[in-house]
Amino acid sequence: MEIVQHEKNVLENMIYLSVGYGLCALENMIPADVPIVFLGEIIDEKGINFLKEIEEKACLICKGETAEFFLKNNINVDFIFLQEECDYLILQQGKMWVDIPLITTTGVSHDVLKKHHGKKFFYFSGSEIENYLFNKTVKNSKKQMYWYNTLVLVHDKGEKSIFEFLASYMGASYTIFLGFDEDTENELVIYKKQECVKIVETSSHEIYDYFKVSVSMGRILEWILPIYESKDIFLKAYTNLFDEITQINKTVHSCIALYENLYQMAQQKNVWKNDLDQIITELNQNTQNLENIEYISYLLDISEKIIIKEDKRTKNNEIAEVALDAIQKYKKLESLLEAIEIKNVEEIKNNYMDSPKTRNYEGIENILLVGGSSQYNVLPYFVEGLKTGFQKAGITTYIYISSNLERLEQIKRDGYNYFQNTTGYQYILLMNGVFLEIERYDVIVENYRNLFDNEGSKIIPMFVDHPCYHKGRLSYAHYTHMVLFADGNWVKYVKNNLKNVPDPVFLPLGGIEYENKLMEFYERENKVVFFGGYSDLKEIQRKIEEHKYLPIIRKIIERLMANPKMTIENIVDSLEEENNSKYTIHHVVFDTDVFGIIDEYIRHYYRQKVIFTIAKKGIPIDIYGWNNVNYSNYPNVQLKEAVPLDKMLEICQNTRFVLNVQPWIKVGTQERVFNTMLCGAIAITDETQYLIENTVDKQNILMYKLQDIEELPCKIQYYMNNEIEAQKIAEAGYMLAKQNHTWSNREEELVKIMKAREI
């Protein structure tokens, strides 16, 4: 009866597919330089100590029955591989495993899965009913990367073969086994592309050569989307399935009763023809109804394995034999349906139905969002995106954009809360710190009061540029509630150098959602588009040559070119240390115009280098904002005038590839990356730590390194020539940005930060 229990588990567990993930979501999701380590049986202290050293530089996957052992020993397991053959009792007795992501199948024990709260990545269980339900709901979806995969893992090849395949499938170059054999419990068996290359002791120093790159699996999993964006479609099909099985049951009962009547007729000498015809008609109709069920043959095959009490009645003629054989067949099917019947279908459906999102924003009643003018007019879009998020959360939201000068003078005179006809604001967010330094005319008090402030308002400036460009505004930051910065490195700079800023916090920029219907990928122009200004490097070099701090500027630029992963702050710190100087170089760079000169030069140097590298390879590229530059020798390059943001979004949704060169942001990203994704195009950008942790190269984005720019054209050309693969990246990027990186998402992150500071 194992097959019957399997189907019962499948039917009960299929509900988890509505919030679960297909194994396909894990395809190539591991960075190639990060090995996967499979943890087998219980290991000793030496092995445990080794795991603690490498756990942040590997993806750790353990077998289901060993999960509690590793977790109790403080090993941060990334996945639990849960098979049907697992010793479920060990899991049911523990609690530490319930939040760890599972790689599993719907055929495992329902009692175990219902205790689990974390992400579940399902592979196909082999059930035809499951396959039927999935095809009913996902068959026509375009989002192929998140389809529930139909691969059945073949267990008779052994555990190692399964795990070797899984590691390769997930994208790891090296598969490492620990504790799979009693004789080698502290030995690591290392495979590369499913071939054993080495067996090494955990105490050997050479093993650490395989663990070079830090990885945050939690961060990687954040962007992965469930199989179903909405559970409604699935739950409707799930309900229909159980209604269908209920109808099958009724039909089977009817067949048994009709064949019983037929058997009784077979015992009689005289039979009325009309009665016989009536039974045959009803049986034919029942047979037709069952044959219309796609998985009925599968159910009948399973039911043949069920043993029921033998019917010993006499088969005294051909009709009696047919009747008794049919009764036996349908009673087996009846027994199967009874065994796999889910008694609590309504309860299961009710527990998993979509319900309106409720967010714990208690205590946050209103907020004023203030925006000013900016390049490409982006700040008003940022404000509108945040407004949408706050309003969805039920927070009263006010907006002021400083375009009306007459109104601004009125606000200065009367106070914005009066002008807006409200008693005041609980929170005030100043985008790019706009008006942070402007006082109200109607308030004469010892303590500074901001233009929009009434007594008790909590001011939150957010800066999208380096703090060095906003030192004037930041000098007024001492009275703010906290200050937001779009790069994690800027937070470090402020903490170390601007002591009057009370609470610097990192909040990455979000993407703007394109309001109109997106163009299909295959209809878009197969070219690269770039938006950005142009500065004459020779003119900047002339300023540098004439500058009194020429040696320092030149040295910093040389080091940034040698290692473009570094920031100007990093270089200044190293120069201070080399020269045994505590503040001199820092003062020269950050308290004069030196920072701006270096920043402008290095950004435009790499911007022009990236574009020239692409142009000379003949790749078609449109450049908006460089209309005064000479590229006449490159017919593949089209130079156009700069356009405002709304026009940029329109252009992005008409092209396949949008190039970005980060404005020396290293722990964050320019908003253009997510704008591109939300327009359905592929974002091409130089890598940052934030993007490395929150996206996957060649899966939802195309990233390049500034130190390896020459490799970029080949990468672009490959995806220009492979439309299907390019479309997958574009669709995955869109889903990622839609799920995690809109300005509404940033509102959710901001509210969490605000709530944390209220506790």
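1. A helix axis here is a line fitted to C-alpha atoms over the stretch in contact, and angles run from 0 to 180 degrees between N-to-C directions. Helices (H or I, at least four residues) and strands (E, at least two) are DSSP runs, numbered from the N terminus. Please keep in mind that this is a predicted model, where local features need pLDDT of at least 70, side-chain atom pairs count only at pLDDT 80 or more, and totals for chains, interfaces and linings use all residues. Residues are numbered from 1 along each chain as its sequence is written, and side-chain values use heavy atoms, with hydrogens and water left out.

2. In contact (heavy atoms within 4.5 Å) are L537, I540, Q541, K543 and I544 of helix 19 with I597, E600, Y601, H604, Y605 and Q608 of helix 23. By class, this contact has 6 nonpolar, 3 polar and 2 charged residues; Ala, Val, Leu, Ile, Met, Phe, Trp, Tyr, Cys and Pro count as nonpolar, Asp, Glu, Lys and Arg as charged, and the others, Gly among them, as polar.

3. Next, look at helix 14 (residues 379–392) and helix 29 (residues 743–758), which pack at about 65° with axes 7 Å apart. Their crossing is right-handed. F382, G385, L386, T388, G389 and F390 of helix 14 meet W743, S744, R746, E747, L750 and V751 of helix 29. This contact has 6 nonpolar, 4 polar and 2 charged residues.

4. Helix 1 (residues 2–13) and helix 12 (residues 318–340) have axes that come within 9 Å and cross at roughly 45°. The crossing is right-handed, and V4, E7, K8 and L11 of helix 1 meet L336, A339 and I340 of helix 12. By class, the residues of this contact divide into 5 nonpolar, no polar and 2 charged.

Technical notes
Left-handed = near helix turned anticlockwise from the far one by under 90°.
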